[in-house]
Amino acid sequence: MLWQKRGSLPTDGHLSAVDLRSLVGLPGRLLFTDGLTGSRMTHVPCAVRKVDRTEIVVELLQAGSDPRPEAAVILEIANRTALTQCFTTVRSHGSGAELSLRTPARPHIMQRRRFPRIDVFVGVTIYTPDRPIAPLAAQMTNLSVDGAACVLVEPLAQGLGVRLNLTSMGLQPPEVDAVVVRCTATPSQLWVVGLQFRGVKPGQEQQLTQFISQFVEQ
């Protein structure tokens, strides 16, 4: 049961395989919201208990709000070298704190970054070459000094140059150039787009660092 993964940069054409069964027993976290209109992203620590071709069973390690059946979720498992993300949906609630997720056809694997990455849920706008005046609305779901992930209602091509407006975060000047390094479909017919910032000004980098430092666990 192998899945293919592409390198973290668009110029890297190397392909290698990952077996999701190797995640069994590892700790991770489950991320979910009520959709694009949700006010925040919930993340719950979990552990992977079982993986096969149809389901991933995770045990939630924190009591509280659980995703409903058929809800779109992101399962994140990190090790020293990579972060594996499974964009999928909830099949059912099992006994106790167990949750059954559908095994995705293509989990996404990113190389671990040297900058801290935080979960956010902030509305931003993205200008593309074919939309230089009327930008796309997006929800930013995580952020680091060198890039971000955003949820959109339509895909963006890998390698595409875009411009983000981060006025909602208070960044000055508010616009940052970026390139699309990944674009992953979700079961809820949305797209998660990974962006790598380009040409961030020193003042902007300082502001991003200060913004992120407020959320990084000490």
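**Strands and the barrel**

A: Let us start with one pair of residues: in this predicted model, Val162 stands opposite Ala178 in β14.

Q: Okay, and how many bridges join β13 to β14, and which way do they run?

A: There are 5 bridges joining β13 to β14, and the two strands run antiparallel.

Q: What closed arrangement do the strands belong to?

A: They belong to a closed barrel of 6 strands, which runs in the order β10-β11-β12-β15-β14-β13 with antiparallel pairing. Neighbouring strands of this sheet are turned by 45° against each other on average, if direction is ignored.

Q: How about β14 and β15, what do they form?

A: β14 and β15 form a hairpin with 5 residues between them, and Gln189 in the turn has a positive phi of about 65°. The two strands run antiparallel and are joined by 8 bridges, with Val180 standing opposite Leu195 in β15.

Q: Which residues does Thr186 touch?

A: Leaving aside residues up to four places away in sequence, Thr186 touches Phe87 and Val192. Thr186 itself is placed in the loop between β14 and β15, the latter covering residues 191–198.

Q: Is Thr186 buried or exposed, and why?

A: Thr186 counts as buried because its relative accessibility is 15%, and buried means under 20%.

Q: What about β12, how does it pair with β15?

A: Strand β12, residues 147–152, pairs with β15 in the antiparallel sense over 6 bridges. In this pairing, Gly147 stands opposite Gln196 in β15.

Q: Let me step back to the whole chain: how many helices and strands are there?

A: The secondary structure of the chain comes to 1 helix and 15 strands. The helix, α1, covers residues 202–213 and lies across β10, β11 (131–144), β14 and β15, running at about 45° to β11.

Q: And how much of the chain is buried?

A: Buried residues make up 46% of the 218 residues in the chain. As for contacts with a separation of 6 or more, 53% of them are between residues 24 or more positions apart.

Q: New topic, charges: how many salt bridges are there?

A: The count comes to 9 salt bridges. One of them brings together the side chains of Arg29 and Asp119, at 2.6 Å from N to O. That pair links distant parts of the chain, with Arg29 in strand β3 (residues 27–32) and Asp119 in strand β10 (residues 118–128), 90 residues apart.

Q: So is Arg29 buried or partly exposed?

A: Arg29 counts as partly exposed, because its relative accessibility is 27%.

Q: Which salt bridge does Glu175 make?

A: The side chains of Glu175 and Arg163 meet in a salt bridge at 2.8 Å, N to O. Glu175 lies in strand β14 (residues 175–185) and Arg163 in strand β13 (residues 161–165), so the pair ties together parts that are 12 residues apart in sequence. Both are classed by their accessibility: Glu175 counts as partly exposed at 31%, and Arg163 counts as partly exposed at 27%.

Q: Where does the charged end of Arg163 sit?

A: The charged end of Arg163 sits over the ring of Tyr127, at 4.6 Å from the centre of that ring.

Q: While we are on rings, how many aromatic pairs turn up?

A: A search of the whole structure finds 0 aromatic pairs.

Q: Back to salt bridges, which residues are linked in a network?

A: Lys50, Asp52, Glu55 and Arg91 are linked in a network of salt bridges. Within it, the side chains of Lys50 and Asp52 meet at 3.6 Å, N to O. Lys50 counts as partly exposed at 36% relative accessibility, and Asp52 counts as partly exposed at 23%.

Q: Last topic, the backbone: where is there a cis peptide bond?

A: A cis peptide bond joins Gln172 and Pro173, with omega at about -10°. Pro173 is found in the loop between β13 and β14.

Q: And what is the phi of Glu70?

A: Glu70 has a positive phi of about 75°, although it is not a glycine. Glu70 lies in the loop between β5 (55–60) and β6 (72–78).

How values were computed
Residues are numbered from 1 along each chain as its sequence is written. This is a predicted model: local features need pLDDT of at least 70, side-chain atom pairs count only at pLDDT 80 or more; totals for chains, interfaces and linings use all residues. Side-chain values use heavy atoms; hydrogens and water are left out. Rings of Phe, Tyr and Trp (its six-membered ring) pair if their centres lie within 6.5 Å; planes under 30 degrees apart count as stacked, over 60 as edge-to-face and the rest as tilted. A charge sits over a ring if NZ of Lys or CZ of Arg is within 6 Å of the ring centre and within 35 degrees of the ring normal. A salt bridge is a side-chain nitrogen of Lys or Arg within 4 Å of a carboxyl oxygen of Asp or Glu. Helices (H or I, at least four residues) and strands (E, at least two) are DSSP runs, numbered from the N terminus. Buried means under 20% relative accessible area, exposed over 50%, partly exposed in between (1.4 Å probe, protein chains only). Contact means heavy atoms within 4.5 Å. Two strands pair if DSSP finds at least two bridges between them. Axes are lines fitted to C-alpha atoms, for helices over the stretch in contact, and angles run from 0 to 180 degrees between N-to-C directions.
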